[in-house]
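Start with the structure itself.

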Amino acid sequence: MHKPRIFGFAASLIAAGIVLAGCGLAPTGQTPSDDGSRSVAPAAPSGSPQAAGQSAKKPESGQDPSKLPVGSLYKNPSNNRNEIILADVRHTAVLIGDSQSQPEGSWPRTALGSIGYKVYTVGRGGTGFVAATSTTGNYIDALQRGDWVLPYGAPPLIVLQGGGNDASHNASDEQITVNADRLIAAVRKRYPLAKIVMIGTLARGAAAGGGRRTQVDTLLGTIAAKAGAPFFSVGDWISRYHVESDLVDGVHLNAAGHAKLGGVLAADMAAAGLRLPANPAS
């Protein structure tokens, strides 16, 4: 088994309609990719009521959230934030990521599903810790202003993936560090019992032309270590696992490539003790 590349230490969702569904890409819809091109992604934005099979509507407040339908928005009085009701939040990993994570069969989703989690994905293609699009802010800004919503309840695992768009937008180390730290702090405050882990920036590796992408991957490893969060470095995986022929545009994978790297990441995560317990705490 491949020895996991993990930095730092461990710290302390069926989204109906956004559940891991194998290794195929979602058939409809496109979203900006992390190099400015376009890649396949779910038609309904992840993290929205529409993506959970519901029509957007005014958030409910003053009701028992356990009695609200799956996909409902609930105004949580404890944090004054809109949150989405999931069918099985206790078995769900929340994945905050970019276009590497967005397709249903993406390598991060595949890995999380393989170690027992249902997956609820937020974030958008084209965004990152610093990078934003015309419709969606970077990860922390999007969270704070409600461009996408997190689940109500206590998911056991929060996964932060990205960095590719920050690399292509020439975000500085300082900008990435400040916003990553803000995001980690916000997520920890929202979900104090959840384990937070980080996945770096998929790249070819420094000796094979990884460039800024590999540098950002290394930077994120340092950020994760300081935060006490397990980190999975993927800054040389394109070269290391020979998936160059599975790239569709230089940085994004086809279905076969997603399946290959999903298997590697699943093994690394399992070796790090991240497999979902049989009976997670309620």
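## Tyr74 and Tyr152

Tyr152 is partly exposed, with a relative accessible area of 31%. Tyr74 is buried, at 6%. Buried means under 20% relative accessible area, exposed over 50%, and partly exposed in between (1.4 Å probe, protein chains only).

This is a predicted model: local features need pLDDT of at least 70, side-chain atom pairs count only at pLDDT 80 or more, and totals for chains, interfaces and linings use all residues. Residues are numbered from 1 along each chain as its sequence is written, and side-chain values use heavy atoms, without hydrogens and water.

## Aromatic pairs

The structure holds four aromatic pairs. Rings of Phe, Tyr and Trp (its six-membered ring) pair if their centres lie within 6.5 Å; planes under 30 degrees apart are stacked, over 60 edge-to-face, the rest tilted.

Phe129 and Tyr139 also pair edge-to-face, because their planes stand at 70°, with centres 5.1 Å apart. Both Phe129 and Tyr139 are buried. Trp107, Trp237 and Tyr241 form one aromatic cluster.

## Helix H7

H7 covers residues 255-271. Helices (H or I, at least four residues) and strands (E, at least two) are DSSP runs, numbered from the N terminus. The 17 residues of H7 should span 24 Å at 1.5 Å a residue, and the end C-alpha atoms are 24 Å apart, which agrees. The expected span is 1.5 Å times one less than the number of residues.

Buried residues of H7 include His258, Leu261 and Met269. Just after H7, Gly273 takes a positive phi of about 80°.
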